[in-house]
Amino acid sequence: MAELGDKLKTNRDTAIEAKSLSIKEMEAIAKKLRRHIISMTGKAGSGHPGGSLSAVEIVTALYFGVLRYNSKDPCWPDRDRFILSKGHAAPVLYATLAECGYFPVEELSTLRQLDSRLQGHTDCTLTPGVEMSAGSLGQGLSFGIGVALAGRLNSEEYKVYVLLGDGECDEGQVWEAAMAAAHFKLDNLVAIVDNNGQQIDGWNRDVMNLAPFDKKWQAFGWRVVEVGGHDLTQLIDAFDQAKLVKSQPAVIIAHTIKGKGVSFMENNPDFHGKAPTAAEVEIALKELA
Ligand SMILES: Cc1ncc(C[n+]2csc(CCOP(=O)(O)OP(=O)(O)O)c2C)c(N)n1
Ligand SMILES: [Mg+2]
């Protein structure tokens, strides 16, 4: 763990380079992020643990294996952009940004408090490292297209990554954006769908069936890569593949489990937008020890 600490320290001081951590090291970080999510939402007494826990490996792979950024200079012009479109999953992003050195880890305990920089949904005017204010679902892919087009116009090398929820894909705006990204041949844009199968009220297949999901993206002109969304090796490979795609955008459909890592939260829609009680926090942290 000392070696991991040294590497993270280096990453905090300089722009992180792809694949600087091993899969084992990233797995340790993923567990740490899960613990933060439980503690933060438990302390706040509200929040969205389910969709934060399902996205842990996706965000870990990005921040510890893929993205170029400098946490000491959040607006570094050459940084890759990560846009969290499903803004209710703010806890997973805050936990990651803190571990990357954007702000102190101790600040995580202020989640959702008045005057905290860490509000329940992301606010780019408050939190260092947050690229887009979100919470109203459906907007992040359109925003990402703007950022990707700007990058192309300015001959910038950066890539744009947008994380969507699968329930969020019920929004018509997602498909307008999907059509536009293919029209503009945005090969500097990668979407990731946290395909946990659930939304606010239960299973997507009952609320609004997305199937055939892969074929929909293909029909809109996207290269589709499907992965196990809790498998860091598969995720890193998928991001490598996405980087090689030319003249079209790529989407990574990541099959995940809502509430992943905590037995009583897994696939349990109750924990979409409900915090664990103090007793539940204790059990969850034991499971994540
Ligand atoms: C435009 C809009 N409509 C409704 C909501 C309320 N809402 C918050 S989260 C959510 C479900 C989202 O499901 P999904 O995108 O699958 O998120 P995840 O399962 O990853 O938590 C809904 C409907 C919202 N935030 N924005
Ligand atoms: Mg979902």
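**A chat about contacts and burial**

Me: Which backbone nitrogen does the side chain of Asn-196 reach?
Reply: The nitrogen of Gln-198, at 3.1 Å. This is a predicted model, where local features need pLDDT of at least 70, side-chain atom pairs need 80 or more, and totals for chains, interfaces and linings use all residues.

Me: Where is Asn-196 found?
Reply: In a loop. β3 (189-195) lies on one side of that loop and β4 (198-199) on the other. Strands are DSSP E runs of at least two residues, helices H or I runs of at least four, numbered from the N terminus.

Me: Is Asn-196 buried or exposed?
Reply: Buried, because its relative accessibility is 4%. The cut-off for buried is under 20% (1.4 Å probe, protein chains only).

Me: How far is a polar side-chain atom of Asn-196 from an oxygen atom of ligand 1?
Reply: 3.0 Å.

Me: What about Lys-86 and ligand 1?
Reply: A polar side-chain atom of Lys-86 sits 2.7 Å from an oxygen atom of the ligand.

Me: And Glu-168, backbone or side chain?
Reply: Backbone. A polar backbone atom of Glu-168 is 2.8 Å from an oxygen atom of ligand 1.

Me: How many residues are around ligand 1, and which come nearest?
Reply: There are 17, each with a heavy atom within 4 Å. Lys-86, Gly-135, Asp-166, Gly-167 and Lys-258 come nearest.

Me: New topic. Why is helix α5 largely enclosed by the rest of the structure?
Reply: Helix α5 spans residues 90-99, and ten of its ten residues are buried, so the rest of the structure largely encloses it. Among those buried residues are Pro-91, Tyr-94 and Glu-99.

Me: What follows α5?
Reply: Gly-101 does, with a positive phi near 95°.

Me: Now Glu-25. Which helix is it found in?
Reply: Helix α2, residues 23-44.

Me: Does Glu-25 count as buried or exposed?
Reply: Buried, because its relative accessibility is 13%.

Me: How does the numbering work?
Reply: Residues count from 1 along each chain as written, chains are lettered from A and ligands numbered from 1 in written order, and side-chain values use heavy atoms, without hydrogens or water.

Methods. Polar contact = N/O pair within 3.5 Å; in protein donor to acceptor, adjacent residues only side chain to side chain. Buried < 20%, exposed > 50% of the residue type's maximum accessible area, 1.4 Å probe, protein only.
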